[in-house]
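Visitor: I'd like to talk through this model with you, starting from the inside. Could you bring it up?

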Amino acid sequence: MTTIAQIGPDDWEDFRDIRLRALADAPDAFGVTLADARQNSEQDWRDRLAGSSPVLVVRDRAVLLAMGGGWHPPGEPDRMMVWGMWTAPEARGNGCARSLLDRLLDHARRLDATTVELHVTEGNNSARRLYETCGFEATGEWEPLQEGSALQIELMRRVI
Ligand SMILES: CC(C)(COP(=O)(O)OP(=O)(O)OC[C@H]1O[C@@H](n2cnc3c(N)ncnc32)[C@H](O)[C@@H]1OP(=O)(O)O)[C@@H](O)C(=O)NCCC(=O)NCCS
């Protein structure tokens with residue numbers, strides 16, 4: 001049976017493992033490289049899980065199947081950004097990402113955010129479809145995936 005949970009600093013090794021797996025699996029989907037993430041210390045991983053920015057995971061007993069996070073840009077309590085959405089290939093198509101997004105949207109509502117935003121890479125049609133089915137709309141605002149990258153990412157937005 002799968003469950004969704006918010007993880008905290010003491011879960012840093014599970015978080016590191018799923019995040020590094022995501023970056024290795026889908027490097028074009030994320031704004032951070034695997035090489036950079038591998039440089040993180042234990043404290044870096046713990047810090048990412050401390051504080052008020054939630055990182056949610058889907059678990060099947062001890063195994064993490066999917067993750068996604070939310071954070072508020074400094075000074076912008078009305079806005080939450082979703083980051084790091086990833087489902088393990090063997091678990092895809094079962095609603096993990098949709099469930100995580102629903103929970104992240106609930107979290108944003110509880111904090112009185114009015115807008116939830118995220119980025120999707122050009123050509124990532126499965127992610128774009130996911131976000132569209134969850135009510136996000138393309139903004140037409142594009143920027144490079146990473147500094148100097150030829151790949152572009154588009155901002156998508158949902159008003160809640
Ligand atoms: C995109 C991703 C997170 C979807 O995860 P998932 O758990 O398989 O998604 P879900 O099962 O919750 O799917 C929800 C909806 O998304 C859409 N979707 C998901 N995968 C899809 C695919 N391969 N093709 C078309 N639509 C897809 C569908 O609308 C689906 O609803 P439906 O099953 O009722 O048709 C997953 O494919 C992934 O991790 N990809 C690599 C990393 C990535 O691209 N992350 C996004 C960064 S922006």
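Visitor: Which residues in the largest nonpolar core touch the most other members?

Guide: This is a predicted model, in which local features need pLDDT of at least 70 and side-chain atom pairs count only at pLDDT 80 or more, while totals for chains, interfaces and linings use all residues. Residues are numbered from 1 along each chain as its sequence is written. Of the 36 residues in that core, V57, A66, M67, L100, L104 and L118 touch the most other members; a nonpolar core is a set of buried Ala, Val, Leu, Ile, Met, Phe, Trp, Tyr and Cys residues joined through C-beta atoms within 7 Å, and buried means that 20 or more other C-beta atoms lie within 10 Å of a residue's own, exposed that 12 or fewer do, with C-beta atoms placed from the backbone.

Visitor: Which element gives the most to this core?

Guide: Helix 4 does, with 7 residues; helices are DSSP runs of H or I with at least four residues, strands are E runs of at least two, and both are numbered from the N terminus.

Visitor: Which residues of helix 4 are buried?

Guide: They are C96, A97, L100, L101, L104, L105 and A108, and they lie on the same side of helix 4 because they cover an arc of only 165° around the axis, taken from the directions from the helix axis to the C-beta atoms. The face turned away from that buried side carries the exposed residues D106 and R110.

Visitor: Switching to the ligand, which element supplies the largest share of its shell?

Guide: Helix 5 does, with 5 residues. In total 20 residues surround the ligand, with T87, R92, A97, S126 and L130 the closest, where a residue counts as near if its C-beta atom, placed from the backbone, lies within 6 Å.
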